[in-house]
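Here is a short briefing on a protein model. Take a look at the structure, then work through the points below.

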Amino acid sequence: MSEPRDEKRPDTGSAAGKATADLGARIARARGQRAADAATEQTRTGDMSGMGRGFRLASEFVAAILVGAGLGYIIDMFLPTRPWATVVLLLLGFAAGVLNVVRATRELNADTAVPSDTPALRDDEDD
Amino acid sequence: MAEKPIEPIHQFRITDYFDIGNFGGDGTPGSGIHLAFTNSALFMILTVGLVLAFLVLGSNRRAIVPGRLQLMTEMTYEFVANMVRNTAGHDGMKFLPLVGSLFMFVLIANLFGMFPYFFTVTSHLIVTVMMALIVFLTVVIYGFYKNGPRFLKLFVPSGIPWYIIWLVVPIEILSFLSRPVSHSLRLWGNVLAGHIVLKVFGGMVVALLGAGAWGLVAVLPFGMAVAMTGLEVLVAALQAFVFAVLTCVYLHDAMHPGH
């Protein structure tokens, strides 16, 4: 197995000194590289299969409706508002579901953004 | 001839290995809380044990030139750290232990489920709900601790006119409350559906093979089962990743409320 070769270090004074002379600069460069990598990393890790995307959006949508209807039902159990809390919160849950889907889509789109050096198409609306 | 039918749900059954005892209740059978060491508990312990062994064995040599195991450990750390840094931001790095633990637990639990006769911990809603609630409560508690009442700005998007705010705020609150639900439902649903589909196709192969000349057709569901196995390994890793990324997204909101 690979052993750390520490035993060589003392007797190669000049060579080791040369090897680590620009160590500070190399570390600084690597740190800068991390920031630059972050942008490309985002697109790589943000990539999901189509099924993954589908499940993500579907569950975001359904969950909001379930929470809205459930919350409304609980309110109706304890307050004399039956059935209006369920109805109103179900509709609000529907809106929240759409909001969730829009947010998730924006997030997924941001992960696979169009490169900034893509030539812009002429927009007819601008005339 | 007396073969028992293949139940696709049977694989999710919880069985007790040994009893720990009854707590509370009035002595009648079925009352109180019955605690037992189940197959689910066994596989949770195995999952945690494997993660621990991987990380401890991988990091105990701390060689300057890493060996294979150390390299794998370091790559795992780098992967999770980059995910947290990119999604939750630099100040989200304090949540790296939480996100890393959740990611490794879900990943190993999902991959354990791919072995025949193994129990899949994440195919039970209670497990995924508890993990989602840990994240949800962390977001709420840390959000209020860090931002105080300003955390409520999460529900009030900026630039909304006053006459529509009364409609937007309930929608935002519902959207926020739906997060733990979708967070847990997605992982559970993916794992459960995948395992049922695998079992159904496997059952078709067995049933067709037992039906004489129809055995030739068994090639079709068998090919499907092979393909589904590959897909399920992908889903296992992908869902662990999605779970961890969404944890980071939610934690980001806790630190920076207001869109």
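A crossing of two helices is right-handed if the near helix is turned clockwise from the far one by less than a right angle, and left-handed if anticlockwise. With that rule in hand, turn to this predicted model. In chain B, α4(B) passes α6(B) in a right-handed crossing.

**Helix packing in chain B**

- Two packed helices are described by the angle between their axes and the distance between the axes.
- Helix α4 of chain B covers residues 125–147, and helix α6 of chain B covers residues 219–255. Their axes lie 8 Å apart, at an angle of about 20°.
- That angle makes α4(B) roughly parallel to α6(B), because angles under 35 degrees count as roughly parallel.
- On the α4(B) side, the residues that meet α6(B) include Met131(B), Val135(B), Val139(B) and Tyr142(B). On the α6(B) side, the partners include Phe243(B), Tyr250(B), Leu251(B) and Met255(B).
- The contact of α4(B) with α6(B) has 10 nonpolar and 4 polar residues, and no charged ones.
- Helix α5 of chain B, residues 162–209, also packs with α6(B): the axes come within 10 Å and cross at roughly 175°.
- α5(B) and α6(B) are therefore roughly antiparallel to each other.
- The contact of α5(B) with α6(B) divides into 17 nonpolar, 7 polar and 4 charged residues.

- The size of an interface is often given as the accessible area lost when the parts come together.
- Between chain A and chain B, about 2800 Å² is buried. Carbon and sulfur atoms give 65% of that area.
- Chain A brings 33 residues to the contact, and chain B brings 35 residues.
- How many salt bridges cross the interface of chain A and chain B? The rule finds 1.
- Arg103(A) and Glu172(B) join their side chains in a salt bridge, at 2.7 Å from N to O.

**Salt bridges overall**

- Over all chains, the count comes to 5 salt bridges.
- One of chain A's residue pairs, Glu60(A) and Arg56(A), forms a salt bridge at 3.3 Å, N to O.
- Both Glu60(A) and Arg56(A) sit in helix α3 of chain A, residues 50–78. They are 4 residues apart, about one turn of the helix.

**Backbone details**

- Most residues other than glycine have a negative phi, and most peptide bonds are trans.
- Arg82(A) and Pro83(A) are joined by a cis peptide bond, with omega about 0°.
- Pro83(A) lies in the loop between α3 and α4 of chain A.
- Arg62(B) has a positive phi, near 50°.
- Arg62(B) is found in the loop between α1 and α2 of chain B.

Methods: Residues are numbered from 1 along each chain as its sequence is written. Chains are lettered from A and ligands numbered from 1 in the order in which they are written. This is a predicted model: local features need pLDDT of at least 70, side-chain atom pairs count only at pLDDT 80 or more; totals for chains, interfaces and linings use all residues. Side-chain values use heavy atoms; hydrogens and water are left out. Axes are lines fitted to C-alpha atoms, for helices over the stretch in contact, and angles run from 0 to 180 degrees between N-to-C directions. Helices (H or I, at least four residues) and strands (E, at least two) are DSSP runs, numbered from the N terminus. Angles under 35 degrees count as roughly parallel, over 145 as roughly antiparallel, 65 to 115 as roughly perpendicular and the rest as oblique. Contact means heavy atoms within 4.5 Å. Ala, Val, Leu, Ile, Met, Phe, Trp, Tyr, Cys and Pro count as nonpolar, Asp, Glu, Lys and Arg as charged, and the others, Gly among them, as polar. Buried area is the accessible area (1.4 Å probe) that two parts lose on being put together, summed over both. A salt bridge is a side-chain nitrogen of Lys or Arg within 4 Å of a carboxyl oxygen of Asp or Glu.
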